[in-house]
Amino acid sequence: MSAGATFERVYLALREELGTGSLRAGGALEPSALASRLNASITPIRDALHRLVGERLVEAPRGDGFRVPLWTEMGLRYLYRWRERLLLGAIHPRHWPIVTTDGAGTGTAVHRAEAVFSLIGSFSGNPEHENAIEQASARLRPVRAAEEKVLADTLAECAALEEMLADGGAPLRRRLVAYHQRRIRAAAEIVALLHAE
């Protein structure tokens with residue numbers, strides 16, 4: 001297997017594990033252990049970890065190895081607010097495309113919300129904006145399971161987002177604010193659950 005293919009395989013595997021929350025928050029990411037587990041040499045592991053540091057999915061505090069980010073209540077609130085502002089900035093009512101929600105209503109709340117956010121990002125007309133929304137959502141993926149345990153009716157909430165997507169403008173903006181404010185209010189419970197797991 002080529003070095004590039006190995007790097008990509010390792011990077012995607014680590015990104016998936018980080019996104020599902022299967023790696024303990026605050027836990028060390030030891031390149032040699034990961035190399036053994038992922039059947040790769042140290043170099044692509046380190047390269048993937050450095051890329052993940054750049055995406056803020058992994059931390060490298062003071063060059064003292066790599067670790068899974070440790071969630072704090074305030075840090076989670078800031079990240080929710082950041083994604084909310086990114087999404088609101090992507091909505092331009094005058095230029096809102098015709099959106100159909102065919103195929104909506106399937107999948108988990110996590111996948112449904114991310115699909116809506118990704119679609120909103122694609123409508124911004126700015127690839128940097130779209131990428132920033134995707135990055136914020138990727139950083140929030142590990143908290144999704146905890147969100148669903150703490151917040152009731154997340155599927156209904158996603159269905160409401162999907163319905164509002166066709167209209168764009170003020171209704172969608174209000175729904176996005178409500179979606180994020182609900183999570184901001186629950187941040188302490190979500191972080192406590194993440195630390196308990």
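## Second largest pocket

α1, α5 (109-122) and α7 each supply at least two residues of the lining of the second largest pocket in this predicted model. Helices are DSSP runs (H or I, at least four residues), numbered from the N terminus. α1 gives the most here, with five residues.

The volume of the second largest pocket is about 280 Å³. A pocket is, on a 1 Å grid over the protein atoms alone, an open set of points where a 1.4 Å probe fits, with protein on both sides within 12 Å along at least five of seven lines; lining residues have an atom within 4 Å of a point. Grid points are joined across faces, edges and corners, and a volume is the space filled by probe spheres set on them.

The lining includes Leu12, Arg15, Glu16, Arg141 and Arg144. By class, four lining residues are nonpolar, three polar and five charged. Nonpolar means Ala, Val, Leu, Ile, Met, Phe, Trp, Tyr, Cys and Pro; charged means Asp, Glu, Lys and Arg; the others, Gly among them, are polar.

## Largest pocket

The largest pocket holds about 630 Å³ of space. It is lined by 29 residues, with Val68, Pro69, Leu70, Trp71 and Arg139 nearest its centre. Of the lining residues, 16 are nonpolar, six polar and seven charged.

At least two lining residues come from each of α1 (3-20), α4 (73-90), α6 (127-140), α7 (144-150) and α10 (187-196). α1 gives the most to this lining, with four residues.

## Basis

Residues are numbered from 1 along each chain as its sequence is written. Local features need pLDDT of at least 70, side-chain atom pairs count only at pLDDT 80 or more, and totals for chains, interfaces and linings use all residues; side-chain values use heavy atoms, leaving out hydrogens and water.
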